Amino acid sequence: MCAIVGIYGNDNAARLASIALFAMQHRGQEATGISSSCDGKIYTKKDRGLVSEVFNEEALSYLKGDMAIGHNRYATAGRDSVLDAQPIYAKYKLGEISIVHNGNLINKDEVRQDLIDKGAIFQTGMDTENLIHLIAKNTKDHLKDRIVEALNRTIGAYCFIVQSRSKQFVIRDRYGIRPLSLGKLKSGGYIVASETCAFDLVGAEFIRDVRPGEMLILGESDEPESIQLFEPEFRPCAFEYVYFARPDSVIDGKNVYTTRENMGKALAKNDVNSKIKFDMVVPVPDSGVPAALGYSAQSGVPFKYGIIRNHYIGRTFIEPTQEMRNLKVKMKLSPMGSIIQGKTLLVIDDSIVRGTTSKRIVRMLKEAGAKEVHFRVASPEIKFPCFYGIDTPTKEELISTQMTKDEVCKYIEADSLEYLSIDDLVGAIGEDRHYALESFDGDYFVKA
Ligand code: 5GP
Ligand code: MG
């Protein structure tokens with residue numbers, strides 16, 4: 001998960017980075033940070049909290065310079081969040097560097113142990129720190145060569161931006177699992193960001209996506225210099241389209257909103273022979289809205305806001321205990337009694353992970369007077385934990401590894417339950433390429 005941004009060649013670098021991070025707040029709300037470079041020095045400010053809380057005027061005026069990198073961290077229960085905020089900064093033989101990272105390195109433990117055996121001292125629990133050590137211990141004279149050698153020992157899903165005192169190195173793994181795009185700022189310079197929704201807010205024009213296996217260097221010449229480091233084997237993450245990205249982003253040429261609408265249409269097509277007469281399509285806000293609109297457009301069943309969301313509550317998903325998750329779902333979502341009274345509802349959410357949200361919602365809608373609640377999920381059953389950067393829980397916590405579809409239907413107390421098939425998911429995003437689908441099909445294709 002997480003969001004990263006790089007701004008190069010703009011006197012307002014840190015401010016623009018903070019605006020971009022604000023636009024990508026949905027990718028991580030636990031901690032945020034920015035490093036700027038100015039006159040041969042790197043300045044870093046990072047803290048727990050939201051972008052709007054951490055980056056006040058004082059913080060931004062400290063972050064001088066015409067280049068900056070930034071990060072939003074996604075909360076994962078049980079880790080030390082202050083220490084694990086990014087960017088990670090270090091002084092080493094060639095000067096100073098700072099790094100931001102989105103993704104997950106699958107050979108991190110092995111590399112870390114090897115580094116520790118050779119005397120390295122680690123300060124954080126993050127796999128990103130491996131890269132710093134690999135760069136620092138290398139003996140090449142140029143940072144670029146050190147980064148390349150460090151990457152040769154790095155396997156996994158990653159987007160990195162490494163900032164030195166005068167350059168930025170942007171790298172996307174050879175599978176392109178996590179998204180990363182390049183844009184040109186109208187006020188001068190360049191931006192690299194996890195999602196294109198950041199471009200609109202900072203006033204940038206989309207140039208292109210960073211290619212899988214590519215390194216971009218900003219600072220060597222006027223234009224970003226491109227080096228193809230690794231043979232590409234493109235497999236972007238399907239879950240970005242299902243849930244994670246903002247609907248107005250375009251990821252690798254595909255508008256996220258449109259793919260979600262297609263997912264809803266596919267669900268509706270699978271229901272054409274259903275004997276049930278649905279009175280309305282109700283989305284679970286916000287993540288189920290585009291798919292519900294697609295379902296409604298395809299089927300002709302009217303779309304209604306049967307559930308209202310309170311926006312002043314954080315994400316329920318990462319609360320550490322089941323009791324807290326239950327309470328939070330209740331505080332977050334409320335039924336529209338007058339609309340759903342006596343009606344047969346077709347309720348759509350983007351995914352079922354543990355089953356907490358869906359179970360609460362069905363019960364809540366029935367208590368509020370719904371006659372029947374039919375649940376539809378705009379993704380396939382999640383049966384495998386993701387090791388490529390999405391924070392799905394352990395296998396034991398995933399409801400679909402523990403129960404069949406019928407058992408889940410009973411457990412969430414729905415009148416019927418249907419998921420999107422893997423084929424329909426691929427069809428909704430586009431059949432022109434392969435995707436990372438490991439949460440659904442268990443194909444862990446990134447091999448150490
Ligand atoms: P469940 O309650 O079944 O554990 O999770 C399903 C709900 O959590 C859905 O409403 C979905 O939108 C949301 N969700 C699915 N995956 C993630 C994730 O990785 N992070 C967060 N914050 N929410 C998620
Ligand atoms: Mg949701």
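Which residue in E12 is the bridge partner of isoleucine 171? I looked this up first, keeping in mind that the model is predicted. The partner of isoleucine 171 turned out to be methionine 215.

**Entry: the two strands.** Strand E8 covers residues 168–172 and strand E12 covers residues 214–218. They run antiparallel, and four bridges join them.

**Entry: the whole sheet.** I traced the neighbours next. E8 and E12 belong to an open sheet of six strands, in the order E5-E6-E7-E8-E12-E13, with antiparallel pairing. I asked myself why one side of E5 and of E13 is left without a neighbour in the sheet. Strand E5 (88–92) and strand E13 (225–228) stand at the edges, so each has a single partner strand. On average, neighbouring strands here are turned by 20° against each other, direction ignored.

**Entry: a helix on the sheet.** I found helix H5 (residues 128–137) packing on this sheet. H5 touches E5, E6 and E7, and its direction makes about 140° with that of E6.

**Entry: ligand 1.** I moved on to the ligand and found 15 residues surrounding it, with Tyr74, Asp349, Asp350, Gly355 and Thr357 the closest. I noted that this shell divides into six nonpolar, five polar and four charged residues.

I also looked up some distances to oxygen atoms of ligand 1. A side-chain N or O atom of aspartate 349 is 2.6 Å from one. For a polar side-chain atom of serine 287, the distance is 2.9 Å. Threonine 356 comes in through a polar backbone atom, at 3.4 Å.

How much of ligand 1's accessible area does the protein cover? I read 94% of the 520 Å² that the ligand has on its own. Helix H8 (238–244) and helix H13 (356–367) are the elements giving two or more residues to the shell.

Conventions. Residues numbered from 1 in each chain as written. Chains lettered and ligands numbered in written order. Predicted model: local features only at pLDDT ≥ 70, side-chain atom pairs only at ≥ 80, totals over all residues. Heavy atoms only, no water. Pairing = 2+ DSSP bridges. Axes fitted to C-alpha atoms, helices over the stretch in contact; angles between N-to-C directions. Contact = heavy atoms within 4.5 Å. Near = heavy atom within 4 Å. Polar contact = N/O pair within 3.5 Å; in protein donor to acceptor, adjacent residues only side chain to side chain. Areas by Shrake-Rupley, 256 points an atom, 1.4 Å probe, with all protein chains shown as cover. Nonpolar A, V, L, I, M, F, W, Y, C, P; charged D, E, K, R; others polar.
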